[in-house]
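Let's take a walk through this model, one region at a time. Have the sequence and the 3D view side by side as you read.

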Amino acid sequence: MTFNDIFKSSFLEKASSFSVMDFVLAMFVAFALGLFIFWVYKKTFHGVMYSAGFGVSLMAMAMITTFVILAVTSNVVLSLGMVGALSIVRFRTAVKEPMDIAFLFWAIGAGIVLGAGLLPLAVFGSLFIGAVLWIFMNRKTYDSPYILIVNCKDKDAEKQAMDYIKGSVKKQVLKSKTVSQTGIELTLEVRLKGDDSDFVHAAAETDGVEHAVLVSYNGDYMS
């Protein structure tokens with residue numbers, strides 16, 4: 001076996017058949033789409049705390065998925081090995097916001113489509129998804145739930161506060177009631193009539209009401 005025989009392998013043949021232009025074009029478009037996904041995520045975020053690192057990871061995920069699919073589509077044997085290698089990967093980080101999962105799948109899907117060579121589908125599909133998310137996530141609604149916390153001194157103050165709240169909001173549901181020697185604390189889920197929250201001031205000025213607090217609510221947190 002000569003020196004040339006050692007290096008005459010399928011590895012060199014794969015390297016010679018690799019198209020640099022296709023790689024550069026696919027990665028450039030993946031970067032642009034990842035940047036677009038990052039921008040849509042930033043503009044439509046309504047969660048607890050915005051994370052710029054997660055937005056950057058969306059951009060990186062689109063690019064990483066693209067070059068992995070480029071490698072997989074170039075060789076059938078490599079694709080089988082790649083599936084086996086990726087099957088051992090486990091992600092332990094909990095995704096708290098449901099929409100974050102949608103953005104993760106969007107970034108991965110865009111990378112897969114780009115890696116498969118369907119560039120127009122990846123571009124127009126991402127534009128359509130971004131437009132849908134922009135419209136529905138930024139659509140202003142007045143039916144959002146709020147949590148109203150009212151502290152009353154006695155039962156008479158509680159009755160007056162409840163009567164006023166019923167006439168000032170679209171809907172109210174008593175979530176909890178805490179009775180102690182110092183007073184009564186009511187926690188209600190309310191739906192506002194429009195965008196006006198001035199009724200909280202009047203509720204706090206009711207006789208026997210010590211203070212009232214209105215906070216937004218999405219089922220997982222209060223802020």
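When I say that two residues touch, I mean a contact, that is, heavy atoms within 4.5 Å. With that in hand, look at Gly183: it touches Cys152, Lys153 and Thr178, leaving aside residues up to four places away in sequence. A word on the ground rules: this is a predicted model, where local features need pLDDT of at least 70 and side-chain atom pairs count only at pLDDT 80 or more, while totals for chains, interfaces and linings use all residues. Residues are numbered from 1 along each chain as its sequence is written, and side-chain values use heavy atoms, with hydrogens and water left out.

Gly183 sits in strand β3 (residues 183-191); strands here are DSSP runs of E with at least two residues, helices are runs of H or I with at least four, and both are numbered from the N terminus. With a relative accessibility of 8%, Gly183 counts as buried. The cut-offs are under 20% relative accessible area for buried, over 50% for exposed, and partly exposed in between, using a 1.4 Å probe and protein chains only. From Gly183 to Val209 it is 26 residues in sequence and 9.5 Å in space, C-alpha to C-alpha.

Val209 brings us to β4, where it stands opposite Cys152. Strand β1 (residues 145-152) and β4 run antiparallel and are joined by seven bridges; for two strands to pair, DSSP has to find at least two bridges between them. Zoom out and you get an open sheet of four strands, in the order β2-β3-β1-β4, with antiparallel pairing. β2 (171-180) and β4 (209-216) each have a single partner strand, so one side of each is left without a neighbour in the sheet.

Now for the nonpolar cores, meaning sets of buried Ala, Val, Leu, Ile, Met, Phe, Trp, Tyr and Cys residues joined through side-chain atoms within 4.5 Å. The largest has 18 residues, and those with the most contacts inside it include Leu33, Trp106 and Leu114. Two or more residues each come from α3 (20-44), α4 (52-74), α6 (98-115) and α7. Another core, of 17 residues, lies apart from it, with Ile184, Leu186, Leu188 and Val200 among its members. Back at Leu114, the residues touched include Ala26, Leu33, Thr66 and Leu119.

Last stop: Met137, in helix α7 (residues 119-137). Is Met137 buried or partly exposed? Its relative accessible area is 23%, so Met137 is partly exposed. Met137 touches Thr44, His46 and Met99, again not counting residues up to four places away in sequence. Thr44 is 93 residues from Met137 in sequence, yet their C-alpha atoms are 5.7 Å apart.
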